[in-house]
Amino acid sequence: MSTWRVTVVGASLAGLATARALRAEGFDGEITMIGAEEHAPYDRPPLSKQFLAGTMTFEDLALEDDAEGLDLRYLLGQTAVALLPDRSVTLEGGRRVPADAVVLATGARARTLPLGEGLEGVYTLRTIDDAVLLAADLQAGGRLVVIGAGFIGSEIASTAHQLGLEVTVIEAAPTPLAGPLGVRLGAVIARAHEEAGVRLITGVAPVAITGDTRVRTVHLATGEILLADVVVVGVGAIPNVEWLADSGLDLQGGIQCDAHGGTGVDGVFAVGDCASWFDLAAGKRRRVEHWTGAHERPDLIAQQLMHGEVTSVVKPVYFWSDQYGARIQFAGTIEGHDDVTIEAGDLESNSFLAVYRREGEAIGVLSRDQVRLFGRWRRSLQTPVPAAPSI
C-alpha cells in the first residue's frame with residue numbers, strides 16, 4: 001500500500017492516534033495531517049488542570065515524539081471546508097488534498113452563551129490558546145465564576161480554588177452530572193465543591209454578564225448578582241461538522257458511524273469528538289468526548305483500512321476527572337440502568353465504588369478514590385461485542 005494516500009482531517013489526539021495505528025498495522029503510504037490550529041497535536045486534559053496551575057508547560061503537552069518516525073506530512077493552520085466525492089479534501093483558499101481514504105477527526109468546539117460578548121475576562125476552554133489567556137488571568141487572583149458544573153467546569157473550579165481564587169460555580173440543571181452519572185451519584189460527586197469551600201448554585205441560569213470593557217458581574221435568573229473578575233463558560237461542546245454539509249454524510253448530532261467508525265461512505269471514517277459511533281452497550285449512536293476513546297478507537301479504523309476487518313473489540317467508554325485532590329473514574333454506561341449498588345467505601349466519606357446494573361448485569365462502574373478496585377471492575381466490563389451494524 002506504499003502508493004496509497006490517507007488524509008486525516010484533524011491534528012488532534014484522535015488524528016495522531018489514527019496515524020500511529022496505521023503505521024503499527026504496517027501502512028507505509030503517505031499520511032497527511034490537516035489541522036486548523038497552528039500547533040502540532042497536543043494533550044488537552046491537562047489544560048483544565050496542570051497547565052492552568054502552572055505545573056505543566058506547552059512542551060509537556062506535545063503528543064508526538066520525533067523518535068517515533070511516523071513520517072507524517074503536516075498541513076497546520078489549514079481549515080478544511082469540503083469533502084468531495086473522490087475523497088479529496090478542499091482547504092480554505094481552494095487547495096485540494098487528494099486521498100484514497102479519509103479519517104475525519106475534527107473534534108468539537110466549546111459551546112458559548114450569548115452573554116458577555118466582547119468583554120475581556122470571559123472565556124471558554126478548548127484549545128491551548130484559550131488556556132494560555134485564561135491561565136494569565138487566573139494567576140492574577142480575584143473572583144472566578146464558572147458557568148457549568150460538568151467535568152471541565154468542575155476541574156477549572158478546582159484548579160482556581162487551588163490557586164487561591166474565590167470561586168462560584170453555576171449549574172442550570174437541578175443536579176450536576178445527572179446525565180453521565182445519574183441524579184443520586186451526580187449530586188454526590190458535585191458535593192465536593194462546597195466541601196472545598198467553593199459555592200455551588202444549582203437550578204439557576206445566568207441571564208446577563210456585564211462590565212465596561214472587562215467583566216464585572218454575572219446576573220442570575222433569581223435576581224442575584226455575582227461579582228466576577230473572570231468568567232469561564234463550560235456548557236458543553238459542538239461537533240465540528242458544518243464543513244461536511246455537502247458531503248452526503250449523516251451529520252445529526254455528529255458524524256453518524258457504525259460501531260467501528262465507518263460512515264457508510266466507502267473509504268471515509270470518523271473518530272473522536274466529532275464522531276457519533278453506534279454504542280452496542282447503550283443501543284444507540286452517541287458521541288464519546290473522552291481521551292481514551294480518541295486514543296483507542298483509531299485502532300479499529302486502521303484494521304479496516306489495512307485488512308478489511310476488525311479484530312479488536314470496542315472497549316467500554318472510560319473517563320476520569322481530577323477534582324479537589326480526588327480521582328473520579330467511570331467506565332461503561334448508565335443507559336437503562338435499574339439498580340445502583342455501593343460495592344466499596346461509602347458515600348458519606350467520599351471514597352466509594354458504585355456499580356450500575358441493568359437486569360442484574362453490571363453495565364457501568366463509578367469510583368472516587370478507589371483506583372485499584374475500579375481497575376478490576378473496569379476490566380470485567382470489557383467483553384467482546386458483535387460485528388458493527390451497517391449504516
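Predicted model: local features only at pLDDT ≥ 70, side-chain atom pairs only at ≥ 80, totals over all residues.

I began at a strand pair and found Asp-279 standing opposite Lys-284 in S21.

**Entry 1**

I looked up how the two strands run. S20, residues 275–279, is antiparallel to S21, and four bridges join them. Then I asked myself in what order the strands of this open sheet come. I read S18-S20-S21, three strands with mixed pairing. S18 (255–256) and S21 (284–287) are the edge strands; each has a single partner strand, so one side of each has no neighbour in the sheet. As a reminder to myself, strands of a sheet pair through backbone hydrogen bonds, and they may do so parallel or antiparallel.

Next I turned to H1 (residues 13–24) and H9 (residues 298–307). I noted an angle of about 40° between them, and their axes are 8 Å apart. Roughly parallel would need an angle under 35 degrees, and H1 and H9 are therefore oblique to each other. I also checked the hand of the crossing of H1 and H9, and it is right-handed.

Which residues meet where H1 packs on H9? From H1 I listed Ala-14, Ala-17, Thr-18, Ala-21 and Leu-22. From H9 I listed Pro-298, Asp-299, Ala-302 and Leu-305. Sorted by class, this contact has seven nonpolar residues, one polar and one charged.

**Entry 1: Arg-5**

Is Arg-5 buried, exposed or partly exposed? Its relative accessible area is 31%, so I wrote it down as partly exposed, since buried means under 20% and exposed over 50%.

For its contacts I set aside the neighbours within four places in sequence. That left Arg-5 in contact with Glu-30, Pro-98, Ala-99, Asp-100 and Ala-101. I also looked up a distance: the C-alpha atoms of Arg-5 and Gly-121 are separated by 44 Å, and the two residues are 116 residues apart along the chain.

**Entry 2: Thr-175**

My last stop was a loop residue. Thr-175 sits between strand S11 (166–171) and helix H6 (178–181). With a relative accessible area of 18%, Thr-175 is buried, because the cut-off for buried is under 20%. Not counting residues up to four places away in sequence, I found Thr-175 touching Val-183, Gly-186 and Ala-187.

Definitions and conventions
Residues numbered from 1 in each chain as written. Heavy atoms only, no water. Axes fitted to C-alpha atoms, helices over the stretch in contact; angles between N-to-C directions. Parallel < 35°, antiparallel > 145°, perpendicular 65-115°, else oblique. Left-handed = near helix turned anticlockwise from the far one by under 90°. Contact = heavy atoms within 4.5 Å. Nonpolar A, V, L, I, M, F, W, Y, C, P; charged D, E, K, R; others polar. Buried < 20%, exposed > 50% of the residue type's maximum accessible area, 1.4 Å probe, protein only. Pairing = 2+ DSSP bridges.
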